[in-house]
Structures are given as C-alpha cells and as structure tokens.
Amino acid sequence: MKDVYIEDISKYVGEEVRLKGWLYNKRSSGKIHFLIVRDGTGFLQATVIRNEVSPEVFELSDKLTQESSIIVEGTVREEPRAKGGYELTVSNVELIQLAEDYPIKLKEHGVDFLLSNRHLWIRTPRQNAILRLRSKLINIIRNFFDEKRFTLVDSPILTPASCEGTTTLFETKYFDKAAYLSQSGQLYNEAAAMALGKVYCFGPTFRAEKSKTRRHLMEFWMVEPEMAFYDLYDMMDLAEDMIIYIIKRILKEGKKELKELGRDISVLEKVDHPFPRITYDEAIDILKKKGFDIHWGDDFGGDEETAISEEFDRPVFVHHYPSEMKAFYMKPDPENEKLSLSADLLAPEGYGEIIGGGQRIDDYDLLYKRMVEENLPIEDYKWYLDLRKYGSCPHSGYGLGIERTLAWIAKLPHVRETIPFPRLLYRIYP
Ligand code: NSS
C-alpha cells in the first residue's frame, strides 16, 4: 500500500492508500463516522462505515479526539459533496497518540487566546494556507533576484551600530561590549554591492518599536536589494518589476491558498505596469484635499498612507520625502537639498508602506557631516565611511517587508498572522 499526501490524492482514485496525520474534526451518525483528517498538505474526509471495518476500528474511530495522531488506510473516491472533491473510504485506522482535550475548539476564539496558543493555532486551515503562501512568496522573491543575477549576501544579525535610528534598537551583550540586533542589512549590503555589483540580503530584522498597530512587528523579515550605479529611478523600476513578478506568480502558485482565505483576487489581477509615482509634495496635497490636518515635514501614519493609496488601483510610489524625515544615509536631491532621493511603495487596500528605500549618499564629506549631525559614534561606522573613499559610486537599494506584503496579498487584518511566531509589543510567548 502506498503512503501518500492529501495534496496528491486526486492521483489515486480507486487505489488503496495510507495517510499519516491528525484528526481535525469528526461527525458521526450511528453507522458512519466522518473523520476529517489533516496531514499538513491538506484536509480530507475519511469515511468509516460500520459494516466495512472491524468492530475495533469502528469503536476506535468513535473515541478519537480532536488532534489525535493517526494512520488511516482506505480507498480514494471522487466525492463532489466533500470539500476538495475526494474522500477516503476507510479500511483501517491506527492510533498513534490519543490527544488530550484540545484547547482550540472549532469555534471562534479571542485573539489573545489564539496568540497564546500560536503553536497550536497554526494547525488550522486558514493559518496553514497563510504559512504556505509565505513560503511561496519567499521562494518567488528569491527566484526574482536569481533571475536578475543578483548575488545573495547574508548580513549579520549581531551588529555594533544602528541603521534605522537609535530609538528602536534591541540591545544585547557581545561578551563585554554592547551589541544590537540588526534593524536592516543595508549598510553591509552597500559594502557587498561595491564588491559584487547587484546583491540582496534576506533575513530577520528587529525593531523595538513601541507601536501596537496592525502593521508592526518587533521581529520581521526583510528582503533588501542593493545595486551599484543605480539611481533612485532605477531603484523604483526594479521594485515595480519585482512586485509585478511576485503578484503574477502568486496568483498562479498560490491559487488554492488564496481561495481558502477567501481573497478577492480581482484587485491583485490589476497589478501591472506602470505604477503611479507621486512626490511627497503631491501626497501632501492629496491629503489636504481629503481634509487631513497635515503640514509639510510631517511623516505619514497608517491613516495617511491609506488615504493616499485609495486614490490608485495599484501600488503607488511616493518619492522625494523631506531629508529631515529620513535616515542619515539618504542622498539629498542635488536640485533641492531639503528633499531626499527616497521612495516608499504604498500597497493598495489600506495596507500602506511595504517598501522603503532610495539612493545613498556617496560623498565622504557629506556622509560624515550627516553622521555627526545625528550623533552617531563615527568609530563604529569607519568601515561604512571607507566605502566612500575607495571607488565610491551612486548606488541605491530598498527593503521589502515580507509580513506587510503577505498581509496585503492575502488581505489579512493584521501582520501577526503572516509570521509563524509573531513578536508583538510585550509578547514573546510562545
Ligand atoms: O525602515 S524601512 O522603511 N527601510 C529600511 O530599513 C532600509 N534600510 C531598507 C533598505 O533600503 N535596504 O523598512 C523597510 C520595510 C518597510 O517598508 C516595511 O515593509 C518593513 O520593512 N517594516 C516592518 N514590517 C513589520 N514591522 C515593522 N516594525 C516594520 N518596520 C519596517
């Protein structure tokens, strides 16, 4: 008998197969038990008919509890009434472990309870679909950069210095010195781009942001390309190509998952060239017209980003933010020093910023001056300044947040469901 996975079940119609998994749910009438079995690749109805199995198997099926681990054998049949279109007519059930009273019942639970039981919550169909989409998304992004012949260069997690401002650093000990968890691989990426031309890093990043919003995590995953000899506009072109590539492929490869999540994909199908590009100044005008009390120099919060993105049916770039709002490395616009060569990409449907990036300062003196202004400990950044001494060149890059991107693609209410074990404000369990 063949061991199979539920995702492949359609290939085995009429055959006897063996499934290894867990009991997700059960319905019974006197003569039949309907076991919904899950195996990590899908969910399948397994029908246990009293007259067709031994009394022991029928009794065992009756006593199985939710999430008991089992091995089920039977014949695959087409069954249009079953979810997925197939079922298993069971010949044998073997119990591996009888689960204790399972805390997550098949009803609505509060968010706090679910988060405390995240290690179990991920077994449900919806969370399964999200995690599978996440895995696909990451794979697709890697393929994009591979196809564009970028080199993957991993950046360190333990770092001596900050990239995105000192207020959101997680501090730790590096023997007798202070060290920080990386907020972004960008600075190392810049060194790598000077060595390899077009590079990207992909890994976890950390921000001690005292923000309890649906878009903030303390630990999130970011993919960061960095390109030598790219200006701001080259960077936006690349980001646009990447998003379109991602959406086109996820629509094909994530069909099943998007359906499970009830995602209206018509919005995603509209994502195509060209993405609108507006300046920060134009964004401020839009907001003022919409009645926001906002002034030049103010940063955008979630509400502002939503209001801007509502004006467009696809992702929109906002570029040329005021220099004073942006990080020390951001290159000022040579035509107007008050503005920076920066760009964010705002996702539609209220998801806000999913990409942040821009062109970097390539002049030694200017970078040094900006670092002094920001009170950065120059000693720790000497290597970074070196890049402006030895063959400096215009270069640009950006960071795409995996969780915010996935929240948009799957239309989820909160980023907490997009990562296996979310790190939220004051929550580090499980
Ligand atoms: O702060 S960013 O806007 N930009 C950087 O970190 C640059 N150093 C990246 C680069 O140019 N290489 O963050 C980039 C993206 C942002 O657009 C979000 O999608 C995501 O990272 N991000 C977050 N996601 C979840 N939670 C939090 N707290 C968060 N912060 C940023």
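Predicted model: local features only at pLDDT ≥ 70, side-chain atom pairs only at ≥ 80, totals over all residues.
Start at the boundary between domain 1 and domain 2, where two salt bridges cross the interface.

**Stop 1: a charged pair.** Select arginine 123 and glutamate 67. These two residues form a salt bridge, and their closest N and O atoms are 2.9 Å apart. Three residue pairs are also in polar contact across the interface of domain 1 and domain 2, with both residues of each pair at pLDDT 80 or more. On the side of domain 1 that touches domain 2, you will find four charged, two polar and two nonpolar residues.

**Stop 2: the two domains.** Now colour residues 2-97 as domain 1 and 118-417 as domain 2. Their centres, taken over C-alpha atoms, are separated by 45 Å. Eight residues from domain 1 and seven residues from domain 2 make the contact.

**Stop 3: the buried surface.** About 600 Å² is buried between domain 1 and domain 2, and carbon and sulfur atoms give 42% of that area.

**Stop 4: threonine 418.** Move along to the segment after α13 (402-410), where threonine 418 lies. Is threonine 418 buried or exposed? Its relative accessible area is 0%, so threonine 418 counts as buried. Show the residues in contact with threonine 418 beyond four places in sequence: Ile130, Arg134, Glu403, Leu406, Ala407 and Leu412. Finally, display the backbone oxygen of valine 415, which lies 2.6 Å from a polar atom of the threonine 418 side chain.

How values were computed:
Residues numbered from 1 in each chain as written. Heavy atoms only, no water. Domains from an automatic or database assignment. Contact = heavy atoms within 4.5 Å. Buried area = accessible area lost by both parts, 1.4 Å probe. Salt bridge = Lys/Arg side-chain N within 4 Å of Asp/Glu carboxyl O. Polar contact = N/O pair within 3.5 Å; in protein donor to acceptor, adjacent residues only side chain to side chain. Nonpolar A, V, L, I, M, F, W, Y, C, P; charged D, E, K, R; others polar. Helix = DSSP H or I, 4+ residues; strand = E, 2+ residues; numbered from the N terminus. Buried < 20%, exposed > 50% of the residue type's maximum accessible area, 1.4 Å probe, protein only.
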